[in-house]
Amino acid sequence: MGARVKTYEIAVVHGDGIGPEVCQAAIDVLKATSVSNSLKFVEYPAGANHYLKAGTAFPDETFEGCKRSDAILHGAAGLPGVTYPDGTETGIEFGLQLRFRLDLYANVRPIKLRPGVTSRLRDRKPGDIDYVILRENTEGLYAARGNGVNLRDEVAVDSLVVTRKGIERICRTAFELARKRNGAPGDGKKRVTVCDKANVLRTYAFFRRVFNEVAEQNPDIEADYAYADAMTVYLLERPEYYDVIVMENMFGDIMSDLAAATVGSMGMSPSSELGDSHGFFQAAHGSAPTIAGQNIANPYGTILSAASMLQWLGERHADERLLSAANQMENGVDAAMATSNGLTRDLGGTATTTDVTRMVIDRLSSTARHAAE
Ligand code: ATP
């Protein structure tokens, strides 16, 4: 009798705006991989539309379902006009709460210039830009969400909170990640850069001090430093210098949007939010409501996030089949992008969401056939 093949339960939250379109694209590609029979998709509601319908953006059953699952796959959530009385958005409650409640402290955002994509940065070719922004995901300024103070509509305060534990674990993750990578494209050096404002605020000075303590325990990897304002220039002037960049929550949010624009578009940047026992996967972009329902959203970021999900599950469960399917997906994406009609509108092409999905699926089978030959 053969060994039973494990089935992985994937909690799926489609969300709002283009969320359902890009999420469906990723599911269609996952279902076409060599491990489709090992994946069980269970859908749960959350987001701004659900808030309008049911009065909550993040139902308890959705949280319990996500917590029970082996991994969580998400499109995007949030609609600008759908807010709480304090003016903050309801839909993003899902992603934010999930991070805090499942302690998903490491937000991994790879920034890679892929074949077929023209960078807005002059003369940069695929291979020249390949770094990871590692965003601390559970503390920093965003930990104040819902806890800030608004006094008489005259004074409002949000606090930036960092802890030794939080800084240590994100910095350790940064060095572990750099050790697994091939170094910065410019000089091949394995390097971790801390991006902060240690010159201005005590919280960031503390972040840098703890970063230095972790760096001392990892002498094989170069420790590097940049202030956040200077970093917005460096990422445009010398992206090839970077390998892994670690930063506080809000800086990571802002810097990764800027970085995504240097490798094509927000639409193609994947994101993984990882804790010690849960993983949450969605593209780095938001719900882009102005282009929703038109079949023009770029699904590459969500498809690549789904590939990262297989990679994470494969490493976690020592399941080679998932690792090879993750590879199959990433190769399928690169092959689709490199074709003459493989780019969506945001990347200067004319392919629709469903065109891209079909192209990736077709190229999955050709990469799989190729591997089997
Ligand atoms: P959030 O704060 O929820 O992350 P955001 O305010 O950063 O959202 P997005 O929804 O990410 O905003 O949209 C930013 C811009 O990028 C918009 O012009 C949007 O149309 C475009 N965009 C985002 N995602 C995609 C995508 N997948 N395909 C094409 N364009 C996209």
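Domain bounds here come from an automatic or database domain assignment. This is a predicted model, in which local features need pLDDT of at least 70 and side-chain atom pairs count only at pLDDT 80 or more, while totals for chains, interfaces and linings use all residues. Residues are numbered from 1 along each chain as its sequence is written, and side-chain values use heavy atoms, with hydrogens and water left out.

**Exercise 1. Explain where the largest pocket lies, and describe its lining.**

Step 1: On a 1 Å grid over the protein atoms alone, a pocket is an open set of points with protein on both sides within 12 Å along at least five of seven lines, whereas a cavity is a set where a 1.4 Å probe fits but cannot get out; lining residues have an atom within 4 Å of a point. Grid points are joined across faces, edges and corners, and a volume is the space filled by probe spheres set on the points.

Step 2: Give the size and the centre. The largest pocket has a volume of about 1200 Å³. It is lined by 31 residues, and V108, L177, K180, Q311 and E315 are the closest to its centre. K180 and E315 also form a salt bridge, with their closest N and O atoms 3.9 Å apart.

Step 3: Name the elements. Helices (H or I, at least four residues) and strands (E, at least two) are DSSP runs, numbered from the N terminus. Elements that each supply at least two lining residues include β4 (106–112), α5 (164–180) and α10 (320–338). The biggest giver is α9, with seven residues.

Step 4: Sort by class. Ala, Val, Leu, Ile, Met, Phe, Trp, Tyr, Cys and Pro count as nonpolar, Asp, Glu, Lys and Arg as charged, and the others, Gly among them, as polar. The lining has 13 nonpolar, eight polar and ten charged residues.

**Exercise 2. Describe the second largest pocket.**

Step 1: Its space is about 480 Å³.

Step 2: Of its 27 lining residues, A77, I92, R99, D253 and G286 lie nearest the centre.

Step 3: α4 gives the most to this lining, with four residues.

**Exercise 3. Find what lines the largest cavity.**

Step 1: The whole structure has one cavity of 30 Å³ or more. About 50 Å³ of space lies in the largest cavity.

Step 2: Its lining is P110, K112, R114, V263, M268, S269, P270 and L304. By class, that is five nonpolar, one polar and two charged residues.

Conventions: A salt bridge is a side-chain nitrogen of Lys or Arg within 4 Å of a carboxyl oxygen of Asp or Glu.
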